[in-house]
Amino acid sequence: MSRANLSQNSFSAVQNFDALPDAALVNFPVLQTLVGKSRPTIYRWIKAGLLPKPKPGITGGHNVWSVGDVRRALINLAGGG
């Protein structure tokens, strides 16, 4: 996913991911940029338990993921867990 496809907030979240607290929430475009995979692959990985399940958005809208859960999944995917 290119920067042109990310909102300014999502781009900032990707750039500053390491500085975000574990309790922070990120949306699908951020997760997709961090993982570098297509939407179908990401949802297959969620079903397989390789990535965390999403949580409903605060307003009941789009799904979100906690940064801590994403960090742990990325470490496991990289073979560090």
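S66 is buried, with a relative accessible area of 10%, where buried stands for under 20% relative accessible area, exposed for over 50% and partly exposed for anything in between (1.4 Å probe, protein chains only). This is a predicted model, in which local features need pLDDT of at least 70 and side-chain atom pairs count only at pLDDT 80 or more, while totals for chains, interfaces and linings use all residues. Residues are numbered from 1 along each chain as its sequence is written, and side-chain values use heavy atoms, leaving out hydrogens and water.

S66 belongs to strand β2 (residues 64–66); helices (H or I, at least four residues) and strands (E, at least two) are DSSP runs numbered from the N terminus. Leaving aside neighbours within four places in sequence, S66 is in contact with D22, A24, L25 and K55, contact being heavy atoms within 4.5 Å. The side chain of S66 also makes a polar contact with the side chain of D69, at 3.0 Å. A polar contact is a pair of N or O atoms within 3.5 Å; within protein, one must be able to donate a hydrogen and the other to accept it, and residues adjacent in sequence count only if both atoms are side-chain atoms.

Let's move on to helix α4 (residues 67–77), whose buried residues are V67, G68, V70, R71 and A73. These buried residues pack against β1 (25–27), α2 and β2. Just after α4, G79 takes a positive phi of about 85 degrees.

Next comes α2, where F28, V30, L31, Q32 and V35 are buried. Their cover includes α1, β1, α3 (39–47), β2 and α4. At the start of α2, a side-chain oxygen of N27 reaches to within 3.2 Å of the backbone nitrogen of V30. After α2 comes G36, with a positive phi near 75 degrees.

Finally, consider how two of the helices meet. The axes of α1 (residues 8–15) and α2 (residues 28–35) come within 9 Å and cross at roughly 40 degrees; axes are lines fitted to C-alpha atoms, for helices over the stretch in contact, and angles run from 0 to 180 degrees between N-to-C directions. α1 and α2 are therefore oblique to each other, since angles under 35 degrees count as roughly parallel, over 145 as roughly antiparallel, 65 to 115 as roughly perpendicular and the rest as oblique. On the α1 side, the contact is made by S10, A13 and V14, and on the α2 side by P29, V30, T33 and L34.
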